[in-house]
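Biologist: I have the model open and want to go through it with you. Can we settle the terms as we go?

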Amino acid sequence: MLLKQAPAVIVQVKDHGDSDKIVTLYTLDEGKISAIAKGAKRSKKRFVNKLELFSLLNVSYAPGRTTSLARLDQAELITNYPSLHQNYGQYVAASLLCELVLFWTREHDREDELFQLLTWALEGLAMGVTSAQLIIFFHVKMLEILGFRPLLNGCGNCGTLAPQAAPYRFSPMRNGLICGQCEHAPSGPGLEVSMQTIQLLRKVQELDICKLPRLHFSKAAILESIALLKRYDSHLLQRELQSWNYLQQLL
Ligand SMILES: [Zn+2]
């Protein structure tokens, strides 16, 4: 059978029976795929120390004929980002990146930009860039790429973005903001967001990723942004991502 080859990041690993592993890969050429690595738990040669979470690999695989499960043939390790496995905070942040890619993407949906964004973020974390801020950058840019940009230009009802209309609340159901003058039920499901946080998140939406490290989020802006993105995830994905809670405990 013809083998396909692609650079890939491991975003999930599961044991399968006594000797196999099933890995979920985010590949450059095909987006997310699942593949079985036969004998990976026993073989000392082919896959040893390669099939770990976060690893960046060049993989060869045979697409599944009757199922969506491919068969992993070879894996050549480019890097396993050792520091992400040694530092708990970095491990939690990298796990969240993987969970986001795992649950926000569909199989065989190619997004070159998302692959680049994922490796950019893993590399940044491995080099010790502040985890929470990097997560915010990644998440906002991922939503842009996948076409789920939240509308932060102003109140979804009256269009204003001004201190007089504060407090603003973010509502995932509206996919955007509602100002204090239009919101008649302040105890509703929206999440209060400060003007400062709104402006910072808009800058993240607009800037190229190479310019993002210039932005500085205060502690309060980090907490608000993370609460907003977590709420957006749980609304649109209809599930809670485990790593959000671990990350919030670290803040
Ligand atoms: Zn309004």
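Modeller: Strands first: helices (H or I, at least four residues) and strands (E, at least two) are DSSP runs, numbered from the N terminus. Two strands pair if DSSP finds at least two bridges between them. With that, a hairpin joins S2 to S3 through three residues.

Biologist: What sort of model is this, and how are residues numbered?

Modeller: This is a predicted model, where local features need pLDDT of at least 70, side-chain atom pairs count only at pLDDT 80 or more, and totals for chains, interfaces and linings use all residues. Numbering of residues starts from 1 along each chain as its sequence is written.

Biologist: What does S3 do with S5, parallel or antiparallel?

Modeller: S3 and S5 (residues 69-79) run parallel and are joined by three bridges. Ser34 stands opposite Leu69 in S5.

Biologist: And which strands close the barrel?

Modeller: Five of them, in the order S1-S2-S3-S5-S4, with mixed pairing. Neighbouring strands of this sheet are turned by 50° against each other on average, direction ignored. Axes here are lines fitted to C-alpha atoms, for helices over the stretch in contact, and angles run from 0 to 180 degrees between N-to-C directions.

Biologist: What does helix H2 lie across?

Modeller: H2 (residues 88-104) lies across S1 (4-16) and S2, and runs at about 100° to S1.

Biologist: Ser95 is in that helix. Buried or exposed?

Modeller: Ser95 is in H2, and it is buried because 20 other C-beta atoms lie within 10 Å. The cut-offs are 20 or more other C-beta atoms within 10 Å for buried, 12 or fewer for exposed, and partly exposed in between, with C-beta atoms placed from the backbone.

Biologist: Change of topic. How is the protein divided?

Modeller: Into domain 1 (1-80) and domain 2 (83-251); the bounds come from an automatic or database domain assignment. The contact takes 15 residues from domain 1 and 17 residues from domain 2. Contact means that the C-beta atoms of two residues, placed from the backbone, lie within 7 Å.

Biologist: Which strands supply the domain 1 side?

Modeller: S1, S2 and S3 each supply at least two residues of the side that touches domain 2. By class, that side of domain 1 has eight nonpolar, four polar and three charged residues. Ala, Val, Leu, Ile, Met, Phe, Trp, Tyr, Cys and Pro count as nonpolar, Asp, Glu, Lys and Arg as charged, and the others, Gly among them, as polar.

Biologist: How far apart are the centres?

Modeller: The C-alpha centres of domain 1 and domain 2 lie 29 Å apart.

Biologist: How many residues in the largest nonpolar core?

Modeller: There are 66, and those with the most contacts inside it are Leu25, Ala93, Ala94, Leu97 and Leu118. H2 gives the most to this core, nine residues. Both domain 1 (1-80) and domain 2 (83-251) give residues to it, so the core lies between them. A nonpolar core is a set of buried Ala, Val, Leu, Ile, Met, Phe, Trp, Tyr and Cys residues joined through C-beta atoms within 7 Å.

Biologist: What is Leu25 in contact with?

Modeller: Leaving aside neighbours within four places in sequence, Leu25 is in contact with Ala8, Val9, Ile10, Val11, Ile33, Ala35 and Val59.
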